[in-house]
Amino acid sequence: MNSVIQLWDRINHDQHELHQGFTAMQIAERYNLSRSVVSRYLNQLVIEGKLLKGDGRPVVFFSAIMGSEVAGSDSKSTELITDTAHPITDEFNLIGAKGSLKKAVKQAKAAVLYPPHGLHTLIHGETGVGKSHFAREMYQFAIHSGRIKKDAPFVLLNCADYADNPQLLMSEIFGVKKGAYTGADRDREGLLQKANQGFLFLDEIHRLPPQGQEMLFTFMDYGHFRPLGGNTDITGVEVQIIAATTENPESVLLDTFKRRIPMMIELPSLAQRTLEERKQMIMMFLKQESLRINKPITMSRNAFISLLLYECRSNIGQMRTDIQQACAKAFLHYVSNDEAHIKVRSVDLSSAAKAGYNHYKNQRAIVDALLPSTEETLYSDEVSLTQVLDQSTPEDFYTSIAEKYHVLKSQGLDEEAVRQIVGSDIEKQFETYLRSMKQRVIEHSITKVVGEDFLTLTEKLMTDASQRLGCSYPPALRSAFTLHMASAIERIQNRQPIYNPRLNQIRIEHTQAFLVAMDLAREMEIALGIVLPIDEIGYITMFLANTDELNKEVRRSTLPVIVMMHGKSTATSMAEVVNELIGDPIAVPFDMPLSMPVEAMYQSISNYFLTHEIKEALMMVDMGSLSNFGEMLYEDHGFHVRTLVQTSTPLLLEVVRKAASGHGADEIVASISKQFQTPRSTVRSENSQNKLMIITACFTGEGTAERMKRIIEKRIAKPEQIVVKSVDLADRSAYLATIEHMRSEYQVVAIASTINIPVDDIPVFSALDLLSEEGLSRLEAIVEKAMLLSEISKSIKETVDIPSHELVGASNRFIDAIEARLGKDMQADARIGFLLHMVFYIDNRLKGIAPRVFDGYRDFLLKNGGAYDKLEDLFESIEHQFYITIPTDERALLLKVILSNLE
Amino acid sequence: MVKILLVCSAGMSTSMLVKRMQDAALEEGFQAEIQAVAESEATKINDISILMLGPQVRYLKSKFKSLEDSGIPVTVIDTVKYGTMNGKAVLADAKALLKI
């Protein structure tokens, strides 16, 4: 403490050198102290009221005692100035004074300090950029710099107030002699005179009639003017005039002003300000509101982001109004819900402000850097509440809301009605502020379906959840959640039951997520005035738990791998070897002696599944009827079983290794097919490939899935050729099993699902995709292509030796792979031509028909060796798949056709 | 006699289309000689009424400019008709171009 006093003494001693303000670093260097110590002491002195602190960085400190004594020639005042709203500083107390207002501030200082009495100034800028505030700051600066006296007048006149009566306006400014016009019944002093030795701020100067302008310019140039109806000039009045206008810079009027007023200061629009400054403004306005109602105000991160990014037509003025309005609404919640503190949430914002959140995704990096806190509540200022600030809204505004609320309540009105009445009152109060501001709702496709308020709510809930659970949710999942909740609420409102058969399981598997879901549900209940059944909370939990982070924890215990082989002990010995190598008994062997009836084998397998409660498994079989067991288990019990045929020890080893590291059946089958070139893991009937299907899925199979189904059916041109089926994905394994089952009957060309669960290479569309034209046309293209391919395989069915859909499918995948490798697509119709070419090529090879010879292939390969190398293994995979060989010159020939037809 | 010649990269896919076109012609009682050749053999062409290219060799079309200039139609077969091996429809296209 002593040291603090010592430092204070030293600063006082040196005050003549320090009157411009000082930073902690300067003091540290000056007195040879450590900067951090100095910084602590200085802040201590600020708390004691001996020092004042500037807003900028680095923080500049000023002695509260030195004050206006400095630098002034006129001023003799040594009084301590106690106006804490305007700390004694020769800096502008403006957000962005050192940022985007730097130039303006520099000009303003010059205008004020210009000898002998400053320069008259024109401030130009859009509505609401802070022109009046800036003018006041100039005035404060003039006082603090000693150019004018501390008690010098600051007179304000908004010319727009007198737009209907130019006579009156001019008499206001210049004064009037009795009898100058009807109603001028006595001599009156003009504002120019009242502002003598001080400032006259003329807002909306463009409303001043030409005659008045001329008089004003005369005063500026020569220092005299003549009151209306007077016959002598008044001289000796010294006033610094600050005029402000929103006039279009191109206009003639502004041109005149620019020519006649010596200093022109341009203030940037809010959009031209930096986000950092905008952040500070929001904080400042919140602080002002907080002071006004004598209570701390907090704001949710989402609401803060919306305010930071929304399009604010009328600039800072509008932003302040919007913040005040939001605070008022939050205050209402606070009073009516007995909440612990006032919290501004997204729902409290105007729809224009809320739309700001839509820009978050484009500016995420910069916003996150600005608002590093992952905490939901961002602003929480426990300021001392003694200061009185700016009075632009009635002080009793909030009180009146609270009173009105209680009065209406006591009249026996119900909560909802009271809220509506009081709520509409708030709107009315702000009408005046808002009249010039057109609210523009930014169109966002999802809001077309669910409405903006609802989207804001669900977005917020997802954000809360992600913070509490420490995981992230991709936008597609967020939209899915929104759509799901919209459907759920529709159901509740229609009194349709919601039933979640997996409820208890969910509670056990995802305890954490379930607890969070309970809270989210409660918040939704409050916001929407509904009651969510516990079953629905189960669904919400499922959404929340649907992230990799959380799924890993509850990853199904190692996937069972069932090995079934013909022979007395083939399966057992193979499983033994593999289990020993892996060090874990994952492979479960079932031997099938040739004497054993198939039914008996199936019985023991299905018993094993039931007793061990297995719902998902991978089955490794050698051949024959065993390969149908998976399908049978689905039919009988709904189990999800993938089957791999032609099992060998290396294959089993790879499968078990993957199962041991936590992979699911589908993942394993997908990766195995790639590695081992297994043609098909499941035998699909030829018939199945000619019937096309699109699957839509959501948790219930009824809400979003049904909606998506309708959207697709409406879009697809030939609905008779394609079946759209909605299924539920409440149980992941059951869902996968259902799809697998469908695939034995249909060719599933696409899945539209609220959750992205990959199934082999079937393209998955999100609900959001289906709401965009881009997504729908992508889906349409996929369907059309599938239809064409299906037509093709139908038409050549009779002429080829092996099932045509296999040939077509393999050729199609072959071309897909080539296109992916080369990063270029083939021209659409040439692609079909080449596909047929491949089909017949393979068929001819299978038929043993000798291929043609490509004599020039060496030259061709010399030129195109690079492409050939890239694609070599794809040719090999076709060879493996159909047990044919494709000689080099033929590969070259195929390659030539491919390369000639790239886009 | 109308002579229709089809060209594809190796004469493989077109051979089946040719067969279907022949069937269609027979059914219609339309007298025509329909053949398919591979791209490499398509250099020595003479004495034909119309040349039809498989979609995958559409890039050859410019090579047959002189043929076209001499009044012989050179066309690329419609993708869907080609893909579905619709001999009847391709024959109809040929006839339309030959104004038969």
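## Helix packing, a parallel sheet and a chain contact

Helix α3 (residues 24–31) of chain A packs against helix α4 (residues 35–47) of chain A at an angle of about 120 degrees, with the axes 9 Å apart. Axes are lines fitted to C-alpha atoms, for helices over the stretch in contact, and angles run from 0 to 180 degrees between N-to-C directions. Helices (H or I, at least four residues) and strands (E, at least two) are DSSP runs, numbered from the N terminus. This is a predicted model, in which local features need pLDDT of at least 70, side-chain atom pairs count only at pLDDT 80 or more, and totals for chains, interfaces and linings use all residues. Residues are numbered from 1 along each chain as its sequence is written, while chains are lettered from A and ligands numbered from 1 in the order in which they are written.

In this helix pair, A:Ala24, A:Met25, A:Ile27 and A:Ala28 of α3(A) meet A:Arg35, A:Val38, A:Ser39 and A:Leu42 of α4(A). Contact here requires C-beta atoms, placed from the backbone, within 7 Å. The residues of the contact divide into 6 nonpolar, 1 polar and 1 charged. Ala, Val, Leu, Ile, Met, Phe, Trp, Tyr, Cys and Pro count as nonpolar, Asp, Glu, Lys and Arg as charged, and the others, Gly among them, as polar.

Chain A also holds an open sheet of 4 strands in the order β18-β17-β19-β20, with parallel pairing. Pairing requires at least two DSSP bridges between two strands. β18 (722–728) and β20 (764–765) of chain A stand at the edges with a single partner strand each, so one side of each has no neighbour in the sheet. β17 (residues 692–698) and β19 (residues 747–753) of chain A pair in the parallel sense over 6 bridges. The bridge partner of A:Thr696 in β19(A) is A:Ala752.

| Helix of chain A | Strands of chain A touched | Direction |
|---|---|---|
| α31 (residues 732–745) | β17, β18 and β19 | about 170 degrees with β17(A) |
| α32 (residues 773–796) | β17, β18, β19 and β20 | about 170 degrees with β19(A) |

In helix α34 (residues 828–847) of chain A, 17 of the 20 residues are buried, so the helix is largely enclosed by the rest of the structure. A buried residue has 20 or more other C-beta atoms within 10 Å of its own, an exposed one 12 or fewer, and a partly exposed one a number in between, with C-beta atoms placed from the backbone. Just after α34(A), A:Gly848 takes a positive phi of about 80 degrees.

The contact between the chains takes 18 residues from chain B and 21 residues from chain A.

Note on methods
Contact = placed C-beta atoms within 7 Å.
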